[in-house]
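I set out to record what I looked up in this structure. The entries follow in the order in which I took them.

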Amino acid sequence: MQNEKQCKKCQQNLKLNLFKVDSRLKSGYSSTCKQCHASLEAHKKKEGYRKPYKYDPVNGLASSRKWRANNRDKDRAKANRRRCYLKQATPPWADEAKIKEIYKQAAVLNLSVDHIIPLSNKNVCGLNVHQNLQIIPLKDNLQKSNKFDWQES
Ligand SMILES: [Zn+2]
């Protein structure tokens, strides 16, 4: 029985116990050794990290517009996700006329509609109902993002 395996990453022949067990694979073991796997994961984590969005008072919306122009696919995915959230977050008893009215009002005032309790937050999930909507300046909405200080007393 073969008890050594070559790591795809470092090309070393190593004992099988140095590979992670992966039942999805034919060999039963991960193709990279534990050590390489760990460093790969650490790298992914680092790469995947994105700074939370902050409103830039100097460039204003220009910076986010620029990001959108360079990341059209991501932007579309984001819009899609948002549509999903909205659908999920809208209960059957939501008063759509009232919701529309708030959005209309905000458009007239050139302000933005904010969910008082964010629709997607680690701790809470707000609802897309008129009771959870408020009209605020666009700038505030961007700054608030999905933060919701639910522990605040
Ligand atoms: Zn390796």
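The entries below go from the whole chain to single elements and residues.

**Entry 1: confidence.** I noted at the outset that this is a predicted model. I looked up the mean pLDDT of the protein and found 79, with 77% of its residues at 70 or more.

**Entry 2: overall make-up.** I recorded five helices and six strands in the protein. Read from the N terminus, the order of the elements is β-β-β-β-α-α-α-α-β-β-α. I looked up burial next: 5% of the 153 residues count as buried. I also took the contacts between residues at least 6 apart in sequence, and 49% of these join residues at least 24 apart.

**Entry 3: Lys-5.** I located Lys-5 in strand E1 (residues 4-6). Is Lys-5 buried or exposed? I counted Lys-5 as buried because it has 20 C-beta neighbours inside 10 Å, and 20 is the number from which a residue is called buried. Setting aside neighbours within four places in sequence, I listed the contacts of Lys-5 as Leu-14, Leu-16, Phe-19 and Tyr-29. I also checked Lys-5 against Cys-33, which lies 28 residues away along the chain; their C-alpha atoms are 8.8 Å apart.

**Entry 4: Gln-11.** I found Gln-11 in the loop between E1 and E2. Its phi is positive, about 65 degrees, although Gln-11 is not a glycine.

**Entry 5: helix H4.** I compared the length of helix H4 (residues 96-109) with expectation. At 1.5 Å a residue, its 14 residues should span 20 Å, and the end C-alpha atoms are 20 Å apart, so the two agree. I then looked for buried residues among the 14 of H4 and found zero; the helix is hardly covered.

**Entry 6: Asn-110.** I asked which residue follows H4. The residue is Asn-110, placed in the loop between H4 and strand E5 (112-115). Asn-110 has a positive phi near 60 degrees and is a residue other than glycine. I recorded Asn-110 as exposed, because 8 other C-beta atoms lie within 10 Å.

Terms used:
Residues are numbered from 1 along each chain as its sequence is written. This is a predicted model: local features need pLDDT of at least 70, side-chain atom pairs count only at pLDDT 80 or more; totals for chains, interfaces and linings use all residues. Helices (H or I, at least four residues) and strands (E, at least two) are DSSP runs, numbered from the N terminus. A residue is buried if 20 or more other C-beta atoms lie within 10 Å of its own, exposed if 12 or fewer, and partly exposed in between; C-beta atoms are placed from the backbone. Two residues are in contact if their C-beta atoms, placed from the backbone, lie within 7 Å. The expected span of a helix is 1.5 Å times one less than its number of residues. pLDDT is the predictor's confidence in each residue, from 0 to 100.
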